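Could you walk me through this structure, one selection at a time? I have it open in a viewer and would like to know what to click on next.

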Amino acid sequence: MKENKYDDPDFFDRYSQMPRSEGGLDAAGEWPALRAMLPPLAGKRVLDLGCGYGWHARYAREQGAASVLGIDLSEKMLERARELTDDPAIDYRRGAIEDIAFDPGQFDVVLSSLAFHYVDDFSAAAANVHKALADGGSFVFSVEHPIFTALPAQDWQYGRNGEKLHWPVDRYHDQGLRSARFLGSDVIKYHRTVSTYLNALLAAGFAIRQLSELAPTAEMLKRNPAWAEEVRRPMFFLIAADKPELA
């Protein structure tokens, strides 16, 4: 099921007011960790899946990428990305991650930020990414952590006085569709376990290079005290995987 909530005018307006929408990569708490997992981008052909406003695409070009292609299902997202981009080496196209079909070895780096939890069949997507990557290429992406997606409510258990007691985890191995509440709307997401993510990558032929569950650093907490919640439970899961060079 391919839901395009971001083209709903009211939903998109609320999304546009989020700190990361207004502040870009500097306002995305997980960005420093994701950036550190990327390979050198100079001269690389980059594919950005679920490109949104194009923040990562423009960063890749700033780092010397030869070209960047951004894919997103939302036309409103792509309109905003084009408004913010003045670079002929960046191309934006509308499409679903599930439908990507590129020539073998067309890209050197595939990246994606917080998009794959909207995709039903991650195994198929991972296989398509592997095919689209050149030998020695890298696949780096972030998703909402499986502890965060297990229950549709995606919220704390509260005490009598509204205090946050703990983060409930249930139905963890019951993988599949979740109707989560996000920005005042019901949004379809897909829950899968940590092992499902990793095994899908391994089955596709990737070598997993690095994982991060993004424990907040002292610097992060100093800049944004609200990140103290992430010490109690992980919200993000970041993975860097490589397509091995042929012997």
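Are Tyr 6 and Tyr 15 buried or exposed? Select both: Tyr 6 is buried, and Tyr 15 is buried too. Before going further, please keep in mind that this is a predicted model.

**Stop 1: the aromatic rings**

Searching the whole structure turns up 20 aromatic pairs. Tyr 6 and Tyr 15 make one of them: their ring centres are 5.2 Å apart and the planes meet at 90°, so this pair is edge-to-face. Now widen the selection to Tyr 6, Phe 11, Phe 12, Tyr 15, Tyr 53, Trp 55, Tyr 118 and Phe 182, which form one aromatic cluster.

Show Arg 58, and you will see its charged end over the ring of Trp 55, 4.9 Å from the ring centre. Then show Lys 189, which lies over the face of Phe 182 at 5.2 Å from the centre of the ring.

**Stop 2: a tilted pair**

Next, select Phe 122 and Phe 141. The ring centres lie 5.6 Å apart with the planes at 45°, so this pair is tilted. Phe 122 belongs to helix H6 (residues 122-132) and Phe 141 to strand S5 (residues 133-144), so the pair ties together parts 19 residues apart in sequence. Phe 122 has 3% relative accessibility and therefore counts as buried; Phe 141, at 0%, counts as buried as well.

**Stop 3: helix H6**

Stay with H6 and colour its buried residues: Phe 122, Ala 125, Ala 126, Val 129, His 130 and Ala 132. Look down the axis and they cover an arc of only 165°, which puts them on the same side of H6. Among the parts covering these buried residues are strand S1 (45-49), S4, S5 and helix H8 (194-204). At the start of H6, find Asp 121, where a side-chain oxygen comes to within 3.3 Å of the backbone nitrogen of Ser 123.

**Stop 4: helix H5**

Move to helix H5 (residues 75-84), where Met 77, Leu 78 and Ala 81 are buried. Viewed down the axis of H5, these buried residues fall within an arc of 95°, so they line one face of the helix. What do the buried residues of H5 pack against? Their partners are helix H1 (9-16), helix H4 (55-62), strand S2 (67-72) and strand S3 (90-94). Ser 74 caps the N-terminal end of H5, with a side-chain oxygen 3.3 Å from the backbone nitrogen of Lys 76.

**Stop 5**

Select Asp 108 in strand S4 (residues 107-113). With 18% relative accessibility, Asp 108 counts as buried, because the limit for buried is under 20%. Apart from neighbours within four places in sequence, Asp 108 is in contact with Gly 43, Lys 44, Arg 45, Leu 133, Ala 134, Gly 137 and Ser 138.

Now jump to Glu 245, in the segment after strand S11 (236-242). Glu 245, at 60% relative accessibility, counts as exposed. Which residues does Glu 245 touch, not counting those up to four places away in sequence? They are Asp 135 and Gly 136. Glu 245 and Asp 135 are 110 residues apart in sequence, yet their C-alpha atoms are 4.8 Å apart in space.

**Last stop: an annotated span**

Finally, select residues 47-141, listed by UniProt in an unreviewed entry as "domain: Methyltransferase type". This span is 31% helix and 32% strand, and its end C-alpha atoms lie 11 Å apart.

Technical notes:
Residues numbered from 1 in each chain as written. Predicted model: local features only at pLDDT ≥ 70, side-chain atom pairs only at ≥ 80, totals over all residues. Heavy atoms only, no water. Buried < 20%, exposed > 50% of the residue type's maximum accessible area, 1.4 Å probe, protein only. Helix = DSSP H or I, 4+ residues; strand = E, 2+ residues; numbered from the N terminus. Arc of directions from axis to C-beta. Contact = heavy atoms within 4.5 Å. Polar contact = N/O pair within 3.5 Å; in protein donor to acceptor, adjacent residues only side chain to side chain. UniProt positions renumbered as here; feature names shortened; annotations may be inferred. Phe/Tyr/Trp six-rings, centres within 6.5 Å; stacked < 30°, edge-to-face > 60°. Lys NZ or Arg CZ within 6 Å of the ring centre and 35° of its normal.
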